[in-house]
Amino acid sequence: MGTGIGTNTGTDAEITTETPGEGITITVPERYLALFQAAPLAFFLDAQIRPGTEPALRTPAFEYPLPSDETFGDEIANLLKRFFFLDCLTRTEGIFQYDLLERSELEDELPFALETTYDESLSDRLARYLDVPFDLIETHAPRWPLTAHIPPEPESIELLPFIVNELGIVRPSRGETPAEPPAAPAADARLVRSTSEPPPDTIDRSPAPSPPPSPAGPPDESAFVIPTVTDESVEHAWFGNNVPQNASKATIEAYRNQLNRDTRNESIEILLVCNDVRMLDEHDLLDETYGNRDELPFRIDSEFGVDSDQLATLLTEGGYDFVHYIGHATEDGLRCPDGELDIRTLESVDVGVFFLNACRSYQQGLAMIRRGAFGGVSTYGDVANGDAVEAGETMARLLNRGFPLRGALEIARQNTALGEQYLIVGDGSADIAQSDGGAPAVVRLDSCETQMYDFAVQSYSTKEFKLGTATESNCPSIADWHLSPGYTPFSSIDEHSVKEYLSWNELPVLMNGTLYWNDGVGTFEL
């Protein structure tokens with residue numbers, strides 16, 4: 001993948017209260033939720049927010065009325081997407097003159113010329129952008145990385161600096177209780193990652209019968225929630241008290257922990273813990289996967305049958321960028337040969353990102369965040385071992401290639417048997433490595449006529465390659481500069497060109513709907 005900073009997302013702009021950009025103001029209804037929803041747009045435009053009875057976006061060039069009812073958030077989100085995307089197209093007339101796919105697809109339908117709009121003031125540019133029907137640009141705009149569902153209460157203001165840093169869309173933490181909890185493994189699953197004694201010829205990993213859970217135990221069905229909106233961003237981050245489905249469980253601690261992080265290690269420190277001998281196959285897969293990039297310095301520590309004291313020491317003093325735990329869990333701890341280690345009993349952990357690949361590891365994952373970690377993946381139910389192994393390998397490969405948690409989990413859900421039991425806890429933008437030369441992406445190939453393929457890429461934004469980064473596949477016969485995160489349309493390519501491209505680019509490949517791994521130069525075969 002190649003990349004260039006074709007646009008400036010505004011995320012490095014400095015907001016001041018004395019000299020806002022060009023005197024732009026956003027008047028919002030006098031309620032906390034409206035203030036929070038306007039914050040990302042105000043950040044992007046360098047505008048002031050003022051409460052008032054007549055909501056509007058006001059600039060020296062125009063006044064644009066805003067709704068005062070519950071649709072205020074929808075309108076603000078649409079304005080943010082509209083202004084951001086069209087400014088991305090306009091700025092291709094500037095220093096970074098990329099031939100963006102989105103520009104080539106839309107330029108003839110826009111009611112203004114990009115080359116003249118580039119030289120206009122921000123207020124005049126925004127006025128021109130408002131002349132474009134949103135329906136015209138909606139399918140061309142990049143996928144939004146983040147929607148944050150936050151409680152509409154004063155304390156939520158602490159979340160805003162972290163949300164606006166990604167230009168996240170803000171929604172209230174509202175939703176519905178699902179008709180039934182996340183699906184459990186099939187009844188005939190031969191191996192379930194739980195802690196009870198296995199029946200003959202199986203390993204059953206679901207908890208043995210126990211007394212009613214304590215308040216810190218697993219949530220009952222009524223504690224689960226499906227956010228009202230779940231389809232407008234790569235990640236929907238739920239900051240409410242419930243346990244989300246179709247969303248990640250976000251906490252402010254995950255973001256604060258990253259503010260306090262030390263400088264990255266010279267090498268990427270990874271810890272693999274396998275606490276069940278029957279799961280060695282997963283460990284062996286991971287040991288071959290992590291650190292298979294020669295250009296990055298990895299150090300991998302593998303530990304087996306780790307007792308609770310040793311595991312506590314590894315988590316609190318190891319300084320690991322990533323911890324991958326393979327074994328059993330309950331709401332009360334990670335299973336060790338001598339009992340369980342409850343992360344909630346630790347004063348702190350020195351871990352960046354984690355994957356607790358065990359049944360019902362949600363509470364322990366949440367504790368990892370509250371004790372110092374940035375983000376990770378855990379489960380809120382039982383998982384079949386075969387699915388867990390596949391999930392572990394897929395997540396490992398994607399994280400190793402530079403995908404953030406949110407992108408890796410989405411791809412794993414779309415292309416493996418991984419079900420709804422897995423969710424992100426903490427910051428979904430957390431990662432453990434950087435991709436090669438640009439935003440991480442999946443190559444999509446569909447075979448068609450003899451020796452021809454349809455070729456496209458699906459890219460994701462990261463902390464380094466943010467929303468609006470211009471990126472391409474670097475395939476010589478394909479012109480696919482596009483705004484990330486996003487999908488490119490399919491282009492026809494011959495078999496020789498595909499082989500040549502995949503011989504020199506180590507990207508995951510989704511071919512005819514099946515995910516394959518291209519892990520070494522010259523190793524992939526069609």
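Which strands form an open sheet with antiparallel pairing, and in what order? In this predicted model, the answer is a sheet of three strands, running S16-S17-S18. Strand S16 (329-330) and strand S18 (339-341) sit at the edges with a single partner strand each, so one side of each has no neighbour in the sheet. Look next at how strand S17 (residues 333-336) meets S18: the two run antiparallel and are joined by three bridges.

Let's step back for a moment to the whole protein. Its secondary structure comes to 14 helices and 29 strands. Of the 526 residues, 58% are buried. If you take the contacts with a separation of 6 or more, 69% of them are between residues 24 or more positions apart.

Four strands make an open sheet in the order S3-S2-S4-S5, and here the pairing is mixed. Strand S3 (48-51) and strand S5 (63-65) are the edge strands, each pairing on one side only. From one strand to the next, the twist averages 15 degrees. Within this sheet, strand S2 (residues 25-28) and strand S4 (residues 56-58) run antiparallel, with three bridges joining them. Find threonine 27 and you can trace its bridge partner in S4, alanine 56. Helix H1 (residues 32-45) lies across S2, S3 and S4, and runs at about 175 degrees to S2.

On to a pair of helices. Two packed helices are described by the angle between their axes and the distance between the axes. For helix H2 (residues 72-90) and helix H5 (residues 122-129), the angle is about 110 degrees and the axes are 10 Å apart. Angles of 65 to 115 degrees count as roughly perpendicular, and H2 and H5 are therefore roughly perpendicular to each other. On the H2 side the contact is made by Arg82, Phe83, Leu86, Asp87 and Thr90, while H5 brings in Arg125, Leu126 and Tyr129. Sort the residues of this contact by type and you get four nonpolar, one polar and three charged.

A pair of aromatic rings is described by the distance of the centres and the angle of the planes. Searching the whole structure turns up twelve aromatic pairs. Among them is phenylalanine 83 with tyrosine 129, a tilted pair at 6.5 Å centre to centre and 45 degrees between the planes. Phenylalanine 83 belongs to helix H2 and tyrosine 129 to helix H5, so the pair ties together parts 46 residues apart in sequence. Both of these residues, phenylalanine 83 and tyrosine 129, are buried.

Phenylalanine 403 and tyrosine 460 make an edge-to-face pair, 5.9 Å centre to centre with 70 degrees between the planes. Phenylalanine 403 is in the loop between helix H12 (385-400) and helix H13 (405-415), and tyrosine 460 is in the loop between strand S23 (452-459) and strand S24 (469-472), so this pair ties together parts that are 57 residues apart in sequence. Here, too, phenylalanine 403 and tyrosine 460 are buried. One last stop: Phe44, Phe84 and Trp144 form one aromatic cluster.

Key:
Residues numbered from 1 in each chain as written. Predicted model: local features only at pLDDT ≥ 70, side-chain atom pairs only at ≥ 80, totals over all residues. Heavy atoms only, no water. Axes fitted to C-alpha atoms, helices over the stretch in contact; angles between N-to-C directions. Parallel < 35°, antiparallel > 145°, perpendicular 65-115°, else oblique. Contact = heavy atoms within 4.5 Å. Nonpolar A, V, L, I, M, F, W, Y, C, P; charged D, E, K, R; others polar. Phe/Tyr/Trp six-rings, centres within 6.5 Å; stacked < 30°, edge-to-face > 60°. Buried < 20%, exposed > 50% of the residue type's maximum accessible area, 1.4 Å probe, protein only. Pairing = 2+ DSSP bridges.
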